[in-house]
Structures are given as C-alpha cells and as structure tokens.
Amino acid sequence: GDLLPADGVLIQGNDLKIDESALTGESDHVRKSLDKDPLLLSGTHVMEGSGRMVVTAVGANSQSGIIFTLLGAAGDEDEGDRRDRRGG
C-alpha cells in the first residue's frame, strides 16, 4: 500500500483501512472514518480504500519523527555511557 508521508486528520474517506503495524505492532488493519478514528499517522500504509486528509505534522514533528528522535537520543546516551566506561 501507499506510505503516508505525514500525520493528518481524515476529511474524506471511502472504506479506508490502514496498516499501523510499523508504529503499534498491531498486525490487523485499522478502519478509519470521519466518525471513528480519523487520525492518520506518517509511516503507516494504506491497504484498502481511499481518502483525503489535512496534514497536521511532518518530519521530526510527526508521531514517527518524535519516536525516531527519542530513539536517537537514547542511542546517543548509550554511546556516551560506553565511552565513559572505556575511559574515552
């Protein structure tokens, strides 16, 4: 399916199902509609249907960007800890 490049809110949809496993680990496709669960997240894939959304965040400000930033920050701290233990 098509990769969503940004976070957004669904404003028009037709039988839209999203694979959010990259962010949630949940293997079932999630049905999105205007009435129920209209939030779309970057890094997820459209598996069925079609829709339009208003973009709310991109890049480091998106949910996946925030996660990657936090993981990167944790990785940097780990590197610093290893250098300190080695005396570097």
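# Exercises on Burial, Strand Pairing and Salt Bridges

At a relative accessibility of 4%, S42 counts as buried (buried is under 20% relative accessible area, exposed over 50%, partly exposed in between, with a 1.4 Å probe and protein chains only). The model is predicted: local features need pLDDT of at least 70, side-chain atom pairs count only at pLDDT 80 or more, and totals for chains, interfaces and linings use all residues. Residues are numbered from 1 along each chain as its sequence is written, and side-chain values use heavy atoms, without hydrogens and water.

**Exercise 1. Describe the surroundings of S42.**

*Step 1.* Locate the residue. S42 is found in the loop between β4 (39-40) and β5. Helices (H or I, at least four residues) and strands (E, at least two) are DSSP runs, numbered from the N terminus.

*Step 2.* List the contacts (heavy atoms within 4.5 Å). Leaving aside neighbours within four places in sequence, S42 touches L4, P5, A6, D7, L23, S62 and S64.

*Step 3.* Examine the side chain. The side chains of S42 and S64 make a polar contact at 2.7 Å. Such a contact is a pair of N or O atoms within 3.5 Å; within protein, one must be able to donate a hydrogen and the other to accept it, and residues adjacent in sequence count only if both atoms are side-chain atoms.

**Exercise 2. State the order of the elements in the protein chain and the pairing of strand β5 with β1 and with β2.**

*Step 1.* Count the elements. The protein chain has two helices and five strands.

*Step 2.* Read the order. From the N terminus on, the elements run β-β-α-β-β-β-α.

*Step 3.* Take β1 with β5. Strand β1 (residues 2-3) pairs with strand β5 (residues 45-57) in the antiparallel sense over two bridges; pairing requires that DSSP finds at least two bridges. Within β5, V46 is the bridge partner of D2.

*Step 4.* Take β2 with β5. Strand β2 (residues 7-19) and β5 are joined in the antiparallel sense by ten bridges. Here V9 has V54 in β5 as its bridge partner.

*Step 5.* Consider the whole chain. Among contacts in the protein chain between residues at least 6 apart in sequence, 68% join residues at least 24 apart.

**Exercise 3. How many salt bridges are there, and which residues form a network of them?**

*Step 1.* Apply the rule: a side-chain nitrogen of Lys or Arg within 4 Å of a carboxyl oxygen of Asp or Glu. The count comes to four salt bridges.

*Step 2.* Consider D15 and R31, whose side chains meet at 2.6 Å, N to O. This pair links distant parts of the chain, with D15 in strand β2 and R31 in strand β3 (residues 30-32), 16 residues apart. D15 is partly exposed at 43% relative accessibility, and R31 is partly exposed at 48%.

*Step 3.* Consider K17 and E48, whose closest N and O atoms are 3.6 Å apart. K17 lies in strand β2 and E48 in strand β5, so the pair ties together parts that are 31 residues apart in sequence. E48 is partly exposed, at 36% relative accessibility.

*Step 4.* Consider D37 and K32, with closest N and O atoms 3.0 Å apart. D37 is partly exposed, at 33%, whereas K32 is buried, at 5%.

*Step 5.* Identify the network. Salt bridges link E20, K32 and D37.

**Exercise 4. What percentage of the 88 residues in the protein chain is buried?**

*Step 1.* Apply the burial limit to the chain. Buried residues make up 24% of the 88 residues.

*Step 2.* Name examples. Among the buried residues are S42 and K32.
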